[in-house]
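Keep the model in view as you read.

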Amino acid sequence: MSAKLARRDHRAAWLFLLPVVAVILLVAVWPLSRTFFFSFTDAYLDDPSVYSMVGFDNFIEVINDHSWWVAVKNTLVFTVISVAIETTLGLAIALLLNEMIPGRGLARAAILVPWAIPVVVATKIWEWMLNDQFGVINKILSGLGVVDHGIAWTASSSLIMGVVIFIDVWMTTPFMVLLILAGLQLISPEIFEAAEVDGIPAWKRFWSITLPMLRPAIGVAVLFRVLDALRMFDLSYVLAASNENVMTVSIYARDRLISFQELGIGSAASTWVFLLVAFVAIIIIGALRLDRAAGT
Amino acid sequence: MASVSLESVSKNFGTHTVIQGVDLEINDGEFVVFVGPSGCGKSTLLRIVAGLVAASKGAVKIGGDDVTDVPASKRGVAFVFQSYALYPHMSVARNIGFALETLGMAKDAISQKVSTVARMLKVDHLMERRPRELSGGQRQRVAIGRALVRQPEIFLFDEPLSNLDSDLRMEMRMEIAKLHDVLKTTMIYVTHDQSEAMTLADRIVVLNHGRIEQVGTPQQLYHTPDNRFVAGFIGSPRMNFLAVSPQTGANAGRIAGPGNLSMAMVASNPTGPIAEIGVRPEGLRLVSEADGRIACTLERVEDLGHEHFGYCRITEDTVWVVRLASAPSSDQIGKTVGLDFADSAVFAFAGDGKRVLLKGTPQANAEAREP
């Protein structure tokens with residue numbers, strides 16, 4: 001290609017990229033840099049134009065706050081447990097749906113329903129179903145004779161994290177199923193047939209062929225879910241507002257920023273959240289890429 | 001090593017019948033090729049032998065044991081797929097040795113077996129590569145190695161060479177033939193390519209619409225096809241066919257057809273009146289119109305260097321291919337010419353496609369031959 005043609009191609013490329021670049025500047029770079037900037041100030045939300053620079057004071061205040069560390073612990077517990085359950089369950093259901101079972105099409109469509117319901121709606125429905133006096137869950141349990149009086153699922157500090165994880169698993173397992181099923185269907189059935197003819201037992205076929213070949217699909221699904229779970233806000237907030245037992249880092253940042261009007265500290269907390277998510281994302285992506293380099 | 005027998009095997013998918021009552025005996029150590037047009041059920045039949053597809057009816061026996069209800073993993077067969085079906089996340093060495101891992105064999109013993117097989121198939125320099133880093137031919141060698149290392153009783157090949165280019169196909173064909181000479185294991189090989197079938201097989205099974213049309217050695221199928229389908233399928237370029245009609249009255253015992261065809265032809269096994277005749281391109285000679293048995297227009301000549309094919313139009317929708325030793329002079333193209341052939345080169349078929357044996361030709365049996 002001549003130099004002139006190459007230049008023309010470059011110009012065309014930039015022209016096509018321009019709208020995207022503009023949108024990213026507007027919706028991502030600008031607000032992010034504003035947040036980053038305010039995290040170094042002592043501004044309040046009622047009048048952000050009045051501020052003075054305070055250096056890293058806000059960042060230090062956040063990490064000296066006990067509540068912040070509770071929120072970090074909650075977020076990590078929620079992320080690790082819910083994503084682990086969703087991955088296992090998603091893999092199991094995807095393997096099942098990949099088999100030629102009757103009613104497979106219907107099952108595939110039906111399984112997407114929980115994912116299609118807005119988080120707030122689903123959370124409210126579950127909250128009602130779990131209500132200690134009027135909830136259908138307690139009704140069934142007492143009907144079966146398992147409990148003699150209704151359990152206060154969402155009020156008990158020891159149960160509420162379990163409830164949050166349960167609702168999240170209910171809502172987002174379909175997403176896992178969908179991604180893993182797509183991965184499964186990319187694997188040529190002849191590979192499994194070859195293993196079958198070769199006399200490879202079923203467990204080894206799963207362990208040495210299905211799982212390694214699904215690794216990219218599972219990896220991407222886990223990455224999406226982990227990033228989603230780390231910034232989880234709506235589920236906990238709708239169910240328990242600022243209850244410390246299920247307060248996530250996003251709720252902590254929101255409380256500082258909105259409830260306490262501390263624009264500077266809230267921004268610093270948001271920046272910490274951003275750094276936390278970025279850190280975990282880099283670790284997961286790094287792990288995926290390392291695998292790819294090794295060729296597995 | 002083992003024999004294979006299929007006893008009235010049928011297979012339907014829902015209401016669609018793919019295999020209809022196939023009976024077949026394959027001897028121990030034999031190289032049998034299933035051949036037929038796409039959709040004839042040859043791959044399904046192979047999968048039924050492997051146990052990857054369950055027969056709807058009938059029995060499959062391997063080495064005399066009924067294995068109809070035995071899963072694929074317990075049948076002691078090896079299967080080579082058209083797509084190779086290598087494990088993409090494993091090295092060549094592990095691909096070949098994977099089946100041995102589950103047998104509880106020691107690591108040293110496995111790697112020794114794997115390297116013996118790899119050397120035999122000339123892939124020993126690729127052991128640490130992944131399948132995606134190999135060429136098509138190398139992949140197929142690894143796939144064959146994976147089958148070989150288990151020392152199976154039976155090898156099953158499902159169009160193993162279809163994804164290779166023609167040079168490589170020829171080379172791999174030779175290697176598979178050599179492999180059979182060395183191992184003397186029973187092999188069943190599926191292909192849609194009749195030349196692969198002709199060159200590899202001890203016996204060929206010609207399938208069409210889920211039925212066996214004919215079973216025989218390549219020579220038998222070429223020289224004494226049972227029916228029009230086999231006659232047309234075996235041989236390249238394919239046999240030329242022409243619809244004819246038997247004459248009556250003063251001309252009884254003769255047939256007539258397009259291109260001023262008129263020749264004496266009497267059936268020795270009257271399965272039905274002769275409806276069609278066939279002559280292979282190599283049985284035809286291009287002569288002048290007066291000397292030929294069929295008059296036609298020479299439309300086109302293809303020059304392949306070592307041989308030439310002439311295309312002669314007899315009727316609006318019948319073109320016969322004739323093999324020529326040398327190129328005809330160019331002024332013959334577009335002119336009316338004659339096609340001549342020996343009586344022994346003619347095959348006759350009844351209306352239902354069955355072969356009609358003829359009196360007075362070597363193809364007919366001895367009793368039918370008259371002085």
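Helices here are DSSP runs of H or I with at least four residues, strands are runs of E with at least two, and both are numbered from the N terminus. The model is predicted.

Strand 1 (residues 4-13) of chain B pairs with strand 2 (residues 16-26) of chain B. The pairing is antiparallel and runs over seven bridges. Within it, B:Asn12 stands opposite B:Thr17 of strand 2. Two residues lie between the strands of this hairpin, and B:Gly14 has a positive phi near 65° there.

Next come the backbone exceptions. Most residues other than glycine have a negative phi, and most peptide bonds are trans.

B:Tyr84 is not a glycine, yet its phi is positive, about 70°. Look for B:Tyr84 in the loop between strand 6 (77-80) and helix 2 (92-101) of chain B. Is B:Tyr84 buried or exposed? B:Tyr84 has 24 other C-beta atoms within 10 Å. The cut-off for buried is 20 or more, so B:Tyr84 is buried.

B:Lys122 also has a positive phi, near 55°, and is a residue other than glycine. This lysine sits in the loop between helix 3 (107-120) and helix 4 (136-148) of chain B. B:Lys122 has 12 C-beta neighbours inside 10 Å. Exposed means 12 or fewer, so B:Lys122 counts as exposed.

Finally, turn to a peptide bond. The one joining B:Ser236 and B:Pro237 is cis, with omega about -5°. B:Pro237 lies in the loop between helix 8 (228-233) and strand 11 (240-243) of chain B.

Conventions
Residues numbered from 1 in each chain as written. Chains lettered and ligands numbered in written order. Predicted model: local features only at pLDDT ≥ 70, side-chain atom pairs only at ≥ 80, totals over all residues. Pairing = 2+ DSSP bridges.
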